[in-house]
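Let's take a walk through this protein together, one region at a time.

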Amino acid sequence: MRAMVIDRYGKVPMRLVEMPAPKIGEYEVLAEIHAASINPIDFKIRDGKVKLLVKYKMPLILGNDFSGVVVKVGAKVTRFKVGDEIYARPRKSKIGTFAEYIAIHEDDIALKPKNLSFEEAASIPLVGLTSYQALTDILQLQKGQKILIQAGAGGVGTFAIQLAKLMGATVATTASEAGSNLVKSLGADEIINYKTEKFEELLKNYDAVFDTLGGEILEKSFEVIKSGGKIVSVSGLPNARFGKEYGSGFFKTMLFSIASHKLTRLEKKHNVQYTFLFMKPSGEQLRKIANFIETGKIKPIIDRIFPFEDAQKAMEYAEAGRAKGKIILKIR
Ligand SMILES: NC(=O)c1ccc[n+]([C@@H]2O[C@H](COP(=O)([O-])OP(=O)(O)OC[C@H]3O[C@@H](n4cnc5c(N)ncnc54)[C@H](OP(=O)(O)O)[C@@H]3O)[C@@H](O)[C@H]2O)c1
């Protein structure tokens with residue numbers, strides 16, 4: 001099969017190689033990949049920035065979500081059969097969707113939403129699961145609550161705005177002029193132009209913040225939350241609570257605790273709960289998301305589709321950080 005690999009960590013371009021298709025385990029299916037999406041985690045993995053959380057062997061096929069068709073099933077697979085059209089985010093130890101085939105555990109898969117093309121379906125798994133876990137599992141967002149979603153025009157933001165509206169929340173989001181119409185069309189109630197306005201001065205008494213930017217923006221987000229509110233970040237620093245829950249061990253948990261001490265201070269000062277989210281694969285949650293899509297409550301937002309051969313160009317485009325919605329690789 002053809003696959004896009006890196007041979008070492010660092011800012012190295014991906015290489016198109018021929019290699020054997022993967023063998024499947026008894027609980028895995030072999031999926032023929034039709035489309036994959038690019039996510040910032042792809043270049044963070046390439047750069048070695050997630051080594052503390054997951055280590056990979058080289059050469060490594062990049063790519064963290066896809067849509068495709070089941071072409072073989074393992075002996076103990078019960079929920080999928082050859083010919084099923086699926087979409088998925090593979091578990092972190094088994095990534096590699098910038099390829100023609102992948103072996104993937106059946107627990108990580110769901111049937112692809114019937115009303116989407118393969119390219120559209122590939123845009124959903126990673127950002128859909130991230131938003132679902134942030135808004136449902138962690139923030140437990142309730143009808144009538146107010147949420148700030150940072151970077152509403154990005155891959156995660158465009159999904160999260162739609163999900164928050166579906167959950168009955170009032171949504172404020174940050175976007176530039178270029179992303180403003182898009183986030184409005186997705187239902188954002190208040191749009192803050194982050195280039196000319198300061199969200200921390202405009203918003204007060206919010207119940208929740210979903211942060212996708214980290215750093216100073218995350219720190220300033222504590223100012224808009226009311227006492228007892230919650231912040232979840234997918235780009236901030238992991239804290240000691242995350243280390244314990246993720247089973248990171250004593251040394252790494254200590255490291256997380258030291259690195260995130262400023263956030264812990266802000267948590268206490270504002271009486272707000274801060275959670276770092278490292279999203280998990282889940283076929284079950286993808287089934288719920290497919291239902292939202294098939295009933296027209298959430299739609300995919302695609303910025304550009306690149307042919308597989310141009311995967312490196314697509315990565316560079318994604319890395320520029322200006323995408324409105326998702327960037328897709330058409331593999332088949
Ligand atoms: N921990 C996890 O499990 C997890 C899961 C998913 C994602 N993430 C992380 O979440 C982050 C976002 O992912 P993504 O896929 O949404 O990225 P993305 O699609 O590349 O985000 C690009 C968008 O961000 C907007 N943006 C950039 N700077 C901004 C700012 N200061 N204020 C408001 N908007 C801004 C850009 O708008 P303009 O071009 O208009 O400026 C652009 O539309 C990444 O760092 C990713 O690694 C983590």
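In helix 12, which spans residues 311–319, the buried residues are A311, A314, M315 and A318. Here a residue is called buried if 20 or more other C-beta atoms lie within 10 Å of its own, exposed if 12 or fewer, and partly exposed in between, with C-beta atoms placed from the backbone. Viewed down the axis of helix 12, its buried residues fall within an arc of 100°, so they line one face of the helix; the arc is that of the directions from the helix axis to the C-beta atoms. There is a simple piece of geometry to keep in mind: an α-helix has 3.6 residues a turn, so residues three or four places apart point the same way. What do the buried residues of helix 12 pack against? Their partners are strand 1 (2–6), strand 3 (28–38), helix 1 (40–46), strand 15 (302–307) and strand 16 (326–330). Just after helix 12, G321 takes a positive phi of about 75°.

A word on what you are looking at: this is a predicted model, in which local features need pLDDT of at least 70 and side-chain atom pairs count only at pLDDT 80 or more, while totals for chains, interfaces and linings use all residues. Residues are numbered from 1 along each chain as its sequence is written. Helices (H or I, at least four residues) and strands (E, at least two) are DSSP runs, numbered from the N terminus. The protein chain averages a pLDDT of 97, and 100% of the residues score at least 70; pLDDT is the predictor's confidence in each residue, from 0 to 100. Confidence is lowest in helix 8 (residues 240–246), with a mean of 92, and highest in strand 6 (residues 85–88), at 99.

Now turn to a pair of helices. Helix 3 (residues 125–138) and helix 11 (residues 283–294) pack at an angle of about 95°, their axes 10 Å apart. That makes helix 3 roughly perpendicular to helix 11, a term for angles of 65 to 115 degrees. Helix 3 contributes P125, G128, L129 and Y132 to the contact, and helix 11 contributes Q285, L286 and I289. Two residues are in contact if their C-beta atoms, placed from the backbone, lie within 7 Å. By class, this contact has five nonpolar, two polar and no charged residues.

Next come some loops. G296 sits in the loop between helix 11 and strand 15, and G296 counts as exposed because it has 8 C-beta neighbours inside 10 Å. The C-alpha atoms of G296 and N115 are separated by 9.1 Å, although these residues are 181 residues apart along the chain. Not counting residues up to four places away in sequence, A151 touches G157, T174, T212 and L213.

Finally, look at the backbone itself. The peptide bond from M58 to P59 is cis, with omega near -10°, and P59 is found in the loop between helix 1 and strand 4 (60–61). N205 has a positive phi, near 60°, in a residue other than glycine; N205 lies in the loop between helix 6 (199–202) and strand 12 (206–211). N271 has a positive phi near 50°, and N271 is exposed, with 12 other C-beta atoms within 10 Å.

Technical notes: Axes are lines fitted to C-alpha atoms, for helices over the stretch in contact, and angles run from 0 to 180 degrees between N-to-C directions. Angles under 35 degrees count as roughly parallel, over 145 as roughly antiparallel, 65 to 115 as roughly perpendicular and the rest as oblique. Ala, Val, Leu, Ile, Met, Phe, Trp, Tyr, Cys and Pro count as nonpolar, Asp, Glu, Lys and Arg as charged, and the others, Gly among them, as polar.
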